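Trainee: I'm new to this one. Could you take a close look at a single part for me, the place where the two chains meet, and walk me through what surrounds it?

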Amino acid sequence: MNTSARAKNRNFRWGLLFFLAPVCLWLFLLIVLPHIDLLIMSFRAENDMGDMVWSLSNYRNFFEEPVYWLTYVRTAIYSVLVTFLTFCITLPLAFYITKVVCPRYQGFLTILLLMPFWVSELVRVYGWMILLRESGVVNHFLLKIGLLNQPIEMLYRDTTMVLGLVYTSMLFMVVPLISVLESLDDSLIEAAHDLGANTWSILFKIIIPHATPGIVSGSIVVFMLTLGNYLTPNLMGGKNSLWFTEQIYNQFIASFNWNQGSAFGFLLLIISSLIVWLGLTLSRQKLGKVVQ
Amino acid sequence: MIRTLPQSRGYSFGFKLYMLVYFTFLFAPLVITCVLAFNDSQFPSLPWKGFTLEWFTADLPHRVGIFHDRINLDSIWVSLKVASFVTLLAVGVGTCGAFLFEQEEFRYKQLLYFLMISPLVIPGVILGISILMFSTTLGLYFEQSWNLDVALFRPGVWLVVLGQFSFIATLVTLVVSARLKKFDRTLEEAAMNLGANRFEVIWYITLRFLRPAIIGSGAVAFLMSFENFNTTLFLVGSEATLPINLYLQVRDGSTPVINAISFLLILGTSLLALVSSLVAKKSDQAT
């Protein structure tokens, strides 16, 4: 009895080690240490003698150079805007699929909805580029039916960039919304309807309060992906619509100023954690729960 | 309002119109990309100049189809290689992670769990730069201390694999954990009573049960790796992966060859999605 219990215990410890070792290697070598390195590098800079010293100059540069912090603020504001727009577009869609459409088409519509997102983001952005550019397909049709006399450049504007970002992130909003609306009991809506509530009060008093966990988790993912996006702002935005990730890229690859780049990276990390934390606190959700 | 309640005509018509507009918006860029891959024109734009397969098969001086385009073919090969390694690594470590967080108890478990999900809230660009810097730091250290030049620490295929693995493993861990939660642990106890040790139990019973989740998350891991851009951008060396290579071409002007590649990608990913969902469904029915 005693020996078998001990054997079991030894097995248990070996099992723990077997599972713990690869996970620890992964998390410490690829997540924890690199980010500590990033933090250290962001506080180091060359002094007048050309030696590397501890310094706050990378962060000072950020606040003294308007182009940097303006891009930073712009990126954050646009990301919030994109998140909100994505929510407004996908909520009726999720509601239609879960509550309105005949159940026979439900599965088919869901698959249809998810299909484009299996395709690479680059292909989707490229599709928008050939649709919207000056020699693009939309211009071609508008010229043909006589709405335009000469082609206009629809690409490289802020509006186009927002459109591209919303398009890219819709999936991550619609999936949590569908799953949360599926759990909403139809009889609640029926009861409200029988008691004379109109569409808007049903929306704001029943549907949205019930859907809050899904809205929060969708919004967090969309916000994160938009804030960290490089491809869409770079290819669809114009020269004036600089994204903060592009600033990071420029510091790393073009100017080769890695210390400045790591400071920017850390600032991006700070704002993303801050806004995610704010969203979680305001809606009283937990990160561990939301990611499932 | 909902299907059990009477709806006004305007309401249901409005919804149908919204869905129509939405799905047009959703599919327009993909459909137009595919259609223009077959247009007999030097540029990926209308007017339609007739059907051709030359953007796939041609090997002419002014027109090289994708099947003869060395640079693009090479980058597809690099991407396939990277994605295979990332999938293997991520599925292996991710499954270990699922067992660790579902079945083991140890100190600081909560802290480690928080670390495990943190890649979800770190932008891919940041993961890319931090891994690039850390590997450079390590490379410098090894060179100065032991005069060793380790290829792994320079930007290149292996660094790309590690960078993509660092966040894809989280996804695998979450998906496999979700299935492991549904596992009936009395089956394990029964096997142990019959004399199996822990590893035999895992190999013959638990892993069999987890198979659909492992296959499904493996397929998603493969796709995510194949399509990753943000993290890869900073870690890539001389061998570009397909998204990086396509990005460079799209940025500097485009030819219908890109449409041809996109068409093949759309076809490939749809097939993979279909197969993996069929496999998942079949295994779900089997258990």
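Mentor: Let's begin with a term: domain bounds come from an automatic or database domain assignment. On that basis, chain A is divided into domain 1 (1-42) and domain 2 (59-290). Before going on, keep in mind that this is a predicted model, where local features need pLDDT of at least 70, side-chain atom pairs count only at pLDDT 80 or more, and totals for chains, interfaces and linings use all residues. As for the bookkeeping, residues are numbered from 1 along each chain as its sequence is written, chains are lettered from A and ligands numbered from 1 in the order in which they are written, and side-chain values use heavy atoms, with hydrogens and water left out.

Now to the part you asked about. Contact here means heavy atoms within 4.5 Å, and by that rule 93 residues of chain A touch 92 residues of chain B. Buried area is the accessible area (1.4 Å probe) that two parts lose on being put together, summed over both. Between chain A and chain B it comes to about 8,300 Å², with carbon and sulfur atoms giving 80%. On the chain A side, A:F19, A:W26 and A:W118 lose the most area to chain B, and together they make up 10% of what that side buries.

What about the polar side of things? A salt bridge is a side-chain nitrogen of Lys or Arg within 4 Å of a carboxyl oxygen of Asp or Glu, and chain A and chain B have 0 of them between each other. A polar contact is a pair of N or O atoms within 3.5 Å; within protein, one must be able to donate a hydrogen and the other to accept it, and residues adjacent in sequence count only if both atoms are side-chain atoms. There are 9 residue pairs of that kind between the chains, both partners at pLDDT 80 or more.

Helix 1 (residues 2-42) of chain A gives the largest share of the side touching chain B, 24 residues. Sorted by class, that side of chain A has 65 nonpolar, 21 polar and 7 charged residues. For those classes, Ala, Val, Leu, Ile, Met, Phe, Trp, Tyr, Cys and Pro count as nonpolar, Asp, Glu, Lys and Arg as charged, and the others, Gly among them, as polar.

Back to the two domains of chain A. Their centres, taken over C-alpha atoms, are 37 Å apart. Here 5 residues of domain 1 are in contact with 6 residues of domain 2, and the two domains bury about 570 Å² between them, 71% of it on carbon and sulfur atoms. A:L38, A:M41 and A:S42 supply 77% of the area that domain 1 buries against domain 2, more than any other three residues.

Finally, the wider setting. Chain A has 13 helices and 2 strands, whereas chain B has 11 helices and 0 strands. The C-alpha atoms of chain A fill a box of roughly 80 × 70 × 35 Å along the principal axes; for chain B the box is roughly 75 × 75 × 30 Å.

Methods. Helices (H or I, at least four residues) and strands (E, at least two) are DSSP runs, numbered from the N terminus.
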